[in-house]
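Me: I'd like to learn how to read packing and ring pairs in a model. Can we go through one together?

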Amino acid sequence: MNETSSRWIRRFHPAGDARVRLVCLPHAGGSATAYFPLSRAAAAAGLDAEVVAVQYPGRQDRRAEPCYDDVGDLADSIADDLAPWSDRPLALFGHSMGATVGYEVARRLETRGTELLGLFASACRAPSRHRVEYVHQRDDDGLIAALKELSGTDTAVLGDDELLRMVLPAVRGDYTAVETYRHREGPELACPIEVLVGDADPVTTLAEADAWRAHTTGGCALEVFPGGHFYLNARLEAVLATVAARLREWVTASNASAPGRRTR
C-alpha cells in the first residue's frame, strides 16, 4: 500500500515491513481512534502486523459526511476501499457492531477472491442471533442513557453534554444499522473466526458468542475475558497476546495450504 490518503483507513503507527495487516472496525458510536491504544501496544510489542482502523462517516474528521444506517451499505463501501490495502495478508478485528460489519466485509472480500487470514469477533452476538432492540428509536436523552450504561464512549465526551449531542447523529445511525441488521443466507466464511467476549457482558451471552461457529467453515474458537461489554479497555495486554498468537497460527496455516505463496 502506498502513502496516499484513504477516506476509510487510519494508520496510527505505520509498519511497512509487517507480514500482515490487521484492519479494526469500531463499535457503535465509536471512531478509528478507539483502536489507537491497540495500535500503540502492538507497535511497542513488536507485533508482526500493521494495525489500521476504519473511520466511519459522521464522526471526527468525517463529521460533515452523512452517516450510514445500514450494515450492508457500510460493508460494501469498506470492502471497496480495502482493495489497495490487500497487498499483504489481511485479518479483521471488530468490536461489538464492528464485528458484525467485519463479518459482512469479510463475506464480500471472500466473494471477490480475497483470502483472509481470519476474523476477530469481539463482544458481539453471532450474526444469526438476533434480538429485538429499539435503542435507535429513543429520544436523545434515552440514547445518551444507553451510551452511559455501556460506558463505551470516551469519558470526556460523556461528561460534556454539548459535545455528546454533537455525536448523537452518528450514534443513532450506528444503532439503526446494527438493530435493523438481519443475517442473510448465503456462503459463510472460509477463514477462521476467533471470538472474544467479556464474562459479564450485558448484551452478549456466552451462548450467543459461541454461535459464531455456524458462520465459518474455517474453524472457530471462543476466548472469555473478565469484564463487561468493553472488557477490551482493561484487558488490552491479554487481548493483544491472543491476537498475536492467532495471527501466527493463521499465517502458518495459510502458508501450509499454499506452499507456493510466502508472506512477508
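Reply: Start with helix 1, whose buried residues pack against strand 2 (20–25), strand 3 (49–54) and helix 9 (236–257); helices (H or I, at least four residues) and strands (E, at least two) are DSSP runs, numbered from the N terminus, and contact means heavy atoms within 4.5 Å. This is a predicted model, where local features need pLDDT of at least 70, side-chain atom pairs count only at pLDDT 80 or more, and totals for chains, interfaces and linings use all residues. Residues are numbered from 1 along each chain as its sequence is written, and side-chain values use heavy atoms, with hydrogens and water left out.

Me: Which residues of helix 1 are buried?

Reply: Buried means under 20% relative accessible area, exposed over 50%, partly exposed in between (1.4 Å probe, protein chains only). In helix 1 (residues 36–45) that gives L38, S39 and A42.

Me: And how do I read a ring pair?

Reply: You describe it by the distance of the centres and the angle of the planes. Rings of Phe, Tyr and Trp (its six-membered ring) pair if their centres lie within 6.5 Å; planes under 30 degrees apart count as stacked, over 60 as edge-to-face and the rest as tilted. Here the count comes to seven aromatic pairs. W8 and Y68 have ring centres 5.8 Å apart and planes at 65°, so they are edge-to-face.

Me: Is W8 buried or exposed?

Reply: W8 is buried, at 3% relative accessibility, while Y68 is partly exposed at 24%.
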